[in-house]
Amino acid sequence: MQQKTALITGANRGLGLEAARLFLENGYRVVFAGRSLGALEEARRQLDPEGTRTSTLELNMTSPGLIRSVPGQLEAAGIQLDVLVNNAGVFPRDGDPVDGLRHALETNVTGAVALTLALSSHLLNAPEPRVVMVSSGLGSFGLCAGEGAPLSESNYLAYQTSKAALNMATVCLAKQFAGTRLVITAISPGWCRTEMGGAEAPRSAREGAEVIYDAATLPAGSPGGTFIGEDGPLPW
Ligand SMILES: NC(=O)c1ccc[n+]([C@@H]2O[C@H](COP(=O)([O-])OP(=O)(O)OC[C@H]3O[C@@H](n4cnc5c(N)ncnc54)[C@H](OP(=O)(O)O)[C@@H]3O)[C@@H](O)[C@H]2O)c1
């Protein structure tokens, strides 16, 4: 079987880095994408000291120009992607709430959608293309809204609104690509120990990355537009 390639945004640390490790362990090539080439280079050297199965790509999720340039850069480098993991994300907590919302929507939603659309024709050249939207249970109405909901006490306006929007974007994109081989899935990694999740989170970054990997390797014929967590399907 031909070696597959995954592009992971925000691969320099946290869940992105652990996902990169998992893909490499499973024989994939990995494109480390992110906004600091220095940090990406350091991360990839840690996992692939020879540099034979990894490459780096400068990508800021808030830069439409950089996003548009990705397919051309990959093709110029002779790289065919099988998997796109939209992992990069922000969790604005301080400062003006409207500025935070704008920042979260631009990075977590618009950036992920723009990259998916920019890469869709490229991905459709792969035999079993997959897109993973790294969302969150904090974006689920079923888990967060209404008295007695398991996460009803969470109230992070910018982050939760952005992840709810990312979930609906996943539903819409999955409808757009229904009938093709491209399977687009939203996942929640669970609360994990990363810079964003904090040290008190119950799950390791590795456990979170496993949810990403599972969605990226769904078998042929799997439905798109599902929302999956550590224990299976989640309510939208
Ligand atoms: N940790 C959790 O408990 C948890 C739970 C649910 C969902 N998630 C989701 O999982 C994903 C990864 O989170 P994490 O916990 O690994 O967070 P993290 O440690 O804070 O890492 C965030 C990553 O996103 C990158 N990033 C942020 N803004 C970017 C931009 N404009 N362009 C490119 N890259 C950007 C960061 O790059 P820099 O290093 O350059 O800042 C970093 O690589 C996020 O989408 C998050 O919402 C996390």
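Visitor: Which residues of helix 6 does helix 4 meet?

Guide: This is a predicted model, in which local features need pLDDT of at least 70, side-chain atom pairs count only at pLDDT 80 or more, and totals for chains, interfaces and linings use all residues. Residues are numbered from 1 along each chain as its sequence is written. Helices are DSSP runs of H or I with at least four residues, numbered from the N terminus, and contact requires C-beta atoms, placed from the backbone, within 7 Å. Helix 4, through residues including Pro-97, Gly-100 and Thr-116, meets Leu-157, Ala-158, Tyr-159, Thr-161, Ser-162, Lys-163, Ala-165, Leu-166, Ala-169 and Leu-173.

Visitor: How do the residues of this contact of helix 4 with helix 6 divide by class?

Guide: Ala, Val, Leu, Ile, Met, Phe, Trp, Tyr, Cys and Pro count as nonpolar, Asp, Glu, Lys and Arg as charged, and the others, Gly among them, as polar. On that basis the contact of helix 4 with helix 6 comprises 14 nonpolar, 5 polar and 1 charged.

Visitor: At roughly what angle do the axes of helix 3 and helix 4 cross?

Guide: Axes are lines fitted to C-alpha atoms, for helices over the stretch in contact, with angles from 0 to 180 degrees between N-to-C directions. Those of helix 3 (residues 64-76) and helix 4 come within 9 Å, and their crossing angle is roughly 25°.

Visitor: How are helix 3 and helix 4 therefore oriented to each other?

Guide: Angles under 35 degrees count as roughly parallel. Helix 3 and helix 4 are therefore roughly parallel.

How values were computed: Two residues are in contact if their C-beta atoms, placed from the backbone, lie within 7 Å. Helices (H or I, at least four residues) and strands (E, at least two) are DSSP runs, numbered from the N terminus. Angles under 35 degrees count as roughly parallel, over 145 as roughly antiparallel, 65 to 115 as roughly perpendicular and the rest as oblique.
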